[in-house]
Amino acid sequence: MTTPVRDLPLLLLGTGSDPASERGVDCPGELPPASDPELVERARAAKAALGGEVFVLGHHYQRDEVIEFADVTGDSFKLAQQAAARPDAPYVVFCGVHFMAESADILTAAHQQVVLPDLAAGCSMADMATFDQVEECWEVLEDAGIADDVVPVTYMNSSADIKAFVGRHGGVVCTSSNAKRALDWAYAKGSKVLFLPDQHLGRNTAVLEMGLSLDDCVVYSPHRPEGGLSGRQLRDARMILWRGHCSVHGRFSLDSVEDVRRRVPGVNVLVHPECKHEVVTNADQIGSTEYIIRTIENAPSGSSWAVGTELNLVRRLANAHPDKNVMFLDKTVCFCSTMNRIDLPHLVWSLESLARGEVVNRIEVDPETAHYARVALDQMLALP
Ligand code: SF4
């Protein structure tokens, strides 16, 4: 098992590394300068030299300059399905964040090596649930006498340690595309769910798609004794939400929805379910990243859309559909800073290193963690 992390000391960018968390920062080599005018040509040349030896996966939130070199693009669910699609490629370069590269390592064959071009590409949400904290939470559930009734469900956006914890305890991984199906499956097995680490996805799915009430949900805070909940509250709850959130989607507010409706008559508000409950309940449509893309693609010319998800994707959608008025839901919310860590210099560096036979920034999950995380991931891929 990878080393559990309790405290998360600050690591200044470019110094040190913390491979047991989402926040490694070291770049052990010479990065090409961002101003190098040959970067695009160098990336093309390195990829061509590698040919079928490399398979590049790109998450929708990546920069355009990186997406250009992806063999497959997708959200975390699609990329998890695609990770194993090219078993002939010895190298998988994952342009996304650390937990996604971990899942790719778990789902690919043993001879394949997964590379994350910048180890600082972590996810603040994934870091909000550490292994020690989740173990402690389970003890609280045992003390309350309810652990046998609880099925743990973790969002894909969690470390391999947490996925393995869930696999060991008979649970499942979910993504924003299949959260309802995962909860249907979990509630057929037990009367309660512990949902990790995104409280918003858990609450929005439970209340808007499963018919639970807000009173059926409680929030477990890993920073308070017993999670800040009494035994009675835990016994009465049907959905125990972990106090975690996405630092990008969590920033959209009801004010941003009301403001865009005032400014743009007839606008459709389309948001991701990682947004807060009051944002989602005041939007016109809610859906995963893939759903958002399909909705904009199928929208009539001339229609207006305020989209509440990551800015790189919204900008790409706006550029791809100039006949539609596609805008960002909130002017003050910015890119996902960790997704944005993967840039052309890091991609060139990793591809050129691979072309020289040197594997850099390999993401490798230890066999025991990988085994149990795979149990929970396979359960997700097998959901009806
Ligand atoms: S957008 Fe949010 S959930 Fe996705 S990687 Fe960034 S911080 Fe994590």
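These legends describe close-up views of a predicted model.

**View 1. Phe94 in the largest nonpolar core.** The largest nonpolar core holds 118 residues. Within this core, the residues that touch the most other members are Leu57, Phe94, Val172, Val193, Val271 and Val307. Beyond its neighbours within four places in sequence, Phe94 contacts Leu57, Met100, Ala101, Ala104, Val114, Val115 and Leu116. One of these partners, Leu57, is also listed among the residues touching the most other core members.

**View 2. Packing of helices H3 and H4.** Helix H3 spans residues 76–83 and helix H4 spans residues 98–107. Their axes lie 8 Å apart, at an angle of about 30 degrees. Angles under 35 degrees count as roughly parallel, and H3 and H4 are therefore described as roughly parallel to each other. The crossing is right-handed. H3 contributes Ser76, Leu79, Ala80 and Ala83, which meet Met100, Ser103, Ala104 and Leu107 of H4. By class, the residues of this contact are 6 nonpolar and 2 polar, with no charged residue.

**View 3. Crossing of helices H7 and H8.** The axes of helix H7 (residues 179–189) and helix H8 (residues 199–209) come within 10 Å of each other and cross at roughly 75 degrees. H7 is therefore roughly perpendicular to H8. On the H7 side the contact is made by Ala179, Lys180 and Leu183, and on the H8 side by Leu201, Thr205, Ala206 and Glu209. The contact of H7 with H8 has 4 nonpolar, 1 polar and 2 charged residues.

**View 4. Surroundings of helix H8.** H8 is mostly covered, with 8 of its 11 residues buried. The buried residues are Gln199, His200, Leu201, Gly202, Arg203, Asn204, Thr205 and Ala206. They pack against two helices, H7 and H11 (277–281). They also pack against strands E5 (150–155), E7 (192–196), E8 (217–220) and E9 (239–242). H8 is followed by Gly211, which has a positive phi near 80 degrees.

**View 5. Thr73 in strand E2.** Thr73 is located in strand E2, which covers residues 72–74. Thr73 has 19 C-beta neighbours inside 10 Å and so counts as partly exposed, because a buried residue needs 20 or more. Leaving aside neighbours within four places in sequence, Thr73 is in contact with Gly58, His60 and Ile67. The C-alpha atoms of Thr73 and His59 are separated by 5.6 Å, although these residues are 14 residues apart along the chain.

Conventions. Residues numbered from 1 in each chain as written. Predicted model: local features only at pLDDT ≥ 70, side-chain atom pairs only at ≥ 80, totals over all residues. Core = buried A, V, L, I, M, F, W, Y, C linked by C-beta atoms within 7 Å. Buried ≥ 20, exposed ≤ 12 C-beta atoms within 10 Å, placed from the backbone. Contact = placed C-beta atoms within 7 Å. Axes fitted to C-alpha atoms, helices over the stretch in contact; angles between N-to-C directions. Helix = DSSP H or I, 4+ residues; strand = E, 2+ residues; numbered from the N terminus. Parallel < 35°, antiparallel > 145°, perpendicular 65-115°, else oblique. Left-handed = near helix turned anticlockwise from the far one by under 90°. Nonpolar A, V, L, I, M, F, W, Y, C, P; charged D, E, K, R; others polar.
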